[in-house]
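My entries follow the structure.

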Amino acid sequence: MAAGGPNSGQPQFFSRAGDESFSHAPLIENTETDQIVVPDKKSWKNLFAYMGPGFLVSIAYIDPGNFETDLQSGAQYKYELLWIILLASCAALVIQSLAANLGVVTGKHLAEHCKAEYPKVQNFILWILAEIAIVACDIPEVIGTAFALNMLFSIPIWCGVLLTGLSTLLLLALQQYGIRKLEFLIAFLVLTIAICFFLELGYAQPDVGEIFYGLFVPQLKGSGATGLAISLLGAMVMPHNLFLHSALVLSRKIPRSIPGIKEACRFYMIESGFALLVAFFINVAVISVSGAVCNSPDLNKEDQMSCSDLDLNEASFLLRNVLGKWSSKLFAIALLASGQSSTITGTYAGQYVMQGFLDLKLMPWIRNFLTRSLAIVPSLIVAIIGGPSGAGKLIIISSMILSFELPFALIPLLKFTSSQTKMGPHVNSLAITILTWIIGFLIMAINIYYLITRFVHMLIHSDLQLAAVIFIGILGFSGMALYLAGIAYLVLRKTKEITHLLALTTEESERLSIEPSKTSAYNLPSEETVSMQLPQRIRTTNDVN
C-alpha cells in the first residue's frame, strides 16, 4: 500500500525511532525482501495468501513428544482420554490466535515486545528460559528421528542421534527458496503424517462408537489417568510456539487499515483452526490405534508387557507383531516426518527468540548448529548409556521442562494482547480477555501441579538417604517458591510500553506531523524480523509497485 501525500484520504502509518519525528512510511516497504503481499481488497480469496504459518505452528502439536504421550494414553486407558485432546485443541486455537494477532496488529513478535517491555535483568532471564525451552523441544525431535531411522534402516539409536544433525543442511537448503516453499514442505510433511496414521487406523480398526464416546464424555478413572491427562494438556501448548507464531505472520504484507488488520486476524484464525484440526485428527488417530492394539484380546504376554510401558521404540515392535510389518513402517515414516518438520520450526523459533530478546543476528547455520548441538549432546549420552529406554525417558523429562517454561511465554502474551497500549482498537474484548486468562491459569495450574507431584513422587521413591532427600526437598521447594514469585511478577506488572499500530485519518496525520511529541509511538516491524526467514534479492521499481 503506497503512502499517500498530506491531502490523501488514505490511512497513514507512522513510526518513531528513538526521539525522531514520525515518518510517513508505510508499514513494511522493504524492497530487498520477497514478502507475500495480500491484495488490498476484501475477498475470501485472500485466505490463500494467509495459508502457511498455521501449519508450521501445528507441527508442535504432532511432534514425537506428543506421540509418546498419545501412545501411553491409548495403551493404558483406550479411548477414555480423547476428550482431553479435544479440549486442549480448542484452548490451543484460542492461544495461538492471540499470538498471531499480536504480530499482525503491532508489527512486532512476542520476543521483541518482551525486550521493549521488561528491564534488562528480567529480559535476560526470559531469554535464557526461552532458549532452554527450545532445546527441550528439540530433544524429542532428535530422539524421535533416531528411533525412526532405527525402525526403517536398523541404524543404532546413538548413530541416529548423530545423523539428525544433517537436518541442518536440509534447513539451509530450504532457506534459499523462501518462506512459501518452506510452508508447502511443512504442509506436505503434515499430510504425510496424517496419511500414515489414517492408514494405521485401517489396520487397527478401532470401534468408532467408542471413539466418539471418548471424545465427548469426560472421564478420569484413577490417579494414573489424571497424570496422563495432565501430560496430554501440558504437551499441547508449547512456549516456543507462541514466539514462533507471532513472528511468522510478519511474512505477509497486509493492508494497514483497521478493516485490513481485522481481516488478517480473522483469516489467520481460520487458517490456524484448519491446521490445528488436522493435528487434532492425527492425535486422535494415534490414541485410537494404540487403544485398539493394546486392548486387543489376542495379545500375547510379551506384547502386553510392551503396552504397560509403551514408548516410541516399543510401539514399532508392537505394531509389527500385531498388525504386520507395513504398519510398523508407516509409523516410522510418520515419526521421521514429525521429527524433521519439528526440527525446522524449532530452529526458526530459536532465530526469532535470539533476534527479539538480544537484537542479535547470527548466520542461520550457526544458530541451527548451536541449538542442535545442545539437544544432541544429552540425547547422545543417554542413548549410549541408557539405550532406547533411557532415550524414551529423556523425552518425558523434556516435556516436564516445557511445562515449567510455559508461563514465561504465555503470561506476557496474555498481558500484551489484553493491553490497550499495545493493541489499540484491536485489544481483546472483555469476554476474550476473561476466557483467555481462565484458559491460561488452568493450563499453568495443571502444569505446576504436574511438576510438584512428579517432584514429590521422585523424592518419595528415591534410594537416597533421608538427609539427602530433605536437602533436595528444601532446594526444590525453595526453587518452586522462586518460580511462583516470577509468575506473580509477570502477572501483576503493569504494561508500560506503547507499541500499537493504528490507521490514522488525514486530520490526525496532519496533527501528528505538527505535534509529534504529544502522541504515542507507532513502531514499525524491524527489517531483521521481516527478512529473517526470507531470501534476499534485488527488486525493481516495478516489483515494488
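I looked up Ser246 and found 0% relative accessibility, so Ser246 counts as buried (under 20% relative accessible area, with exposed over 50% and partly exposed in between; 1.4 Å probe, protein chains only). The model is predicted: local features need pLDDT of at least 70, side-chain atom pairs count only at pLDDT 80 or more, and totals for chains, interfaces and linings use all residues. Residues are numbered from 1 along each chain as its sequence is written, and side-chain values use heavy atoms, with hydrogens and water left out.

I placed Ser246 in helix 12 (residues 239-248); helices are DSSP runs (H or I, at least four residues), numbered from the N terminus. I noted that the Ser246 side chain reaches the backbone nitrogen of Leu110 at 2.9 Å. A polar atom of that side chain also lies 3.0 Å from the backbone oxygen of Phe243.

I then turned to the largest nonpolar core, which has 149 residues (buried Ala, Val, Leu, Ile, Met, Phe, Trp, Tyr and Cys joined through side-chain atoms within 4.5 Å). Among the residues that touch the most other members are Phe67, Phe197 and Ile282. Helix 13 (residues 258-294) gives the most to this core, with 19 residues. Leaving aside neighbours within four places in sequence, I found Ile282 in contact (heavy atoms within 4.5 Å) with residues including Phe67, Val190 and Phe197.

Last, I checked Ile397, which lies in helix 17. Ile397 is partly exposed, with a relative accessible area of 45%.

Technical notes:
Helix = DSSP H or I, 4+ residues; strand = E, 2+ residues; numbered from the N terminus. Polar contact = N/O pair within 3.5 Å; in protein donor to acceptor, adjacent residues only side chain to side chain.
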